[in-house]
Amino acid sequence: MVRLITHNLLACHAKGCTTNNFPLQFQDATIELREAEFNPEFLYGFLPRIEWAALVGAAHQLGDDSLPKELPEDMVDDQVFWKKLHHVLLEIHVEEGAMVCPNCKHVYPISNGIPNMLLAEHEIG
Amino acid sequence: MIPTPDLSHLKSADFQHVYEPAEDTFLLLDALEQDADELRNSKSLVCLEVGSGSGCVSAFAGAVLGPSTSLYLTTDINPYACRSTSTTGKQNGVPIEPVLASLTDPLRARLRHAVDILLFNPPYVPTDSDEAYDAQQKADIAGAWAGGHSGMDITDILLDQVEDILSPTGRFYLVAVKQNDIQGICARMQSQHGLKGEVALQRRAGREHLYVLKFTRQPSET
């Protein structure tokens, strides 16, 4: 299952592709929504790791615009915010499709929810 | 005692392509169980298993820490292993995110100093280096055990990636055998990467003298 939390951590690593290699752009994505256990402590701890604009952009590509465009400053007690983040980060599964590098255009296919991040011999740095 | 993950969904046909958990796997599970309190009480947000195979180890980590407490990421170059890891996660109620990838390649840029628990049960059996290389290329079952010169060809590459990805309080668990030169691994991790290694567990199983090594950052001395 590629959820948006994982997508937020994947960058293109083809030889020489070192700038504008994140976030990968979704292509022909089919998604499934599956409930996940809500754990606000995890979300709060993980928040600093998230590239917010990339997350909002990826969710938008998948048809979800529920997240604020910018991280609210005072969100600790904002239950609505945490529930929205939980849903977008952990409950949207990309089952099929691909992720494309905005820089070198390398296509990383997704099949049965598993992203193929392997490179061909000539693409390995 | 935390029970071993349920692998009843995997059949002998699956284990033609995916490493069937054996003594080396169980030693790693025991090492995690030994550290269960420590792992639960420290920051364990991101758990990454390299070479996940059946997914047994990450499913166990999920049982130790709780399914929603951490992000369970795995990599494997074998697509069969990735699929098995996915179903093992589902079978055991742990949301595991498998990535078809080599070692830590597609995650390094974004997970710099961010992995709290790094797990690796590598192909550690000493073989011809060509045999190990070919096994990795084919990305099938032999890639799970053929380790090349001193059984270290693949481990050597991963060891150079650890410092970059390990969080400040992170722990790296590595399975090894005596022929891998345990002292040598620890010395090199210390001198080249400033990571302190210790033997978390060891056990003789058949002809193999197995170790689980645990690496952490040195506390800074002022």
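Reader: What area is buried between chain B and chain A?

Author: In this predicted model, about 2400 Å² is buried between chain B and chain A, with carbon and sulfur atoms giving 61% of that area. Buried area is the accessible area (1.4 Å probe) that two parts lose on being put together, summed over both.

Reader: Which three residues supply 29% of the area that chain B buries against chain A?

Author: They are B:Ser68, B:Glu97 and B:Arg110, which supply more than any other three residues.

Reader: And how many residues are in contact?

Author: On chain B there are 31, in contact with 25 residues of chain A; contact means heavy atoms within 4.5 Å.

Reader: How are those residues and chains labelled, and what are the limits of the model?

Author: Residues are numbered from 1 along each chain as its sequence is written, while chains are lettered from A and ligands numbered from 1 in the order in which they are written. Local features need pLDDT of at least 70, side-chain atom pairs count only at pLDDT 80 or more, and totals for chains, interfaces and linings use all residues, with side-chain values resting on heavy atoms and leaving out hydrogens and water.

Reader: Moving on, which elements does chain A have?

Author: Chain A has five strands and four helices, in the order β-α-β-α-α-α-β-β-β from the N terminus. These are DSSP runs: helices are H or I with at least four residues, strands E with at least two.

Reader: What share of chain A is buried?

Author: Of its 125 residues, 48% are buried, meaning under 20% relative accessible area (1.4 Å probe, protein chains only).

How values were computed. Buried means under 20% relative accessible area, exposed over 50%, partly exposed in between (1.4 Å probe, protein chains only).
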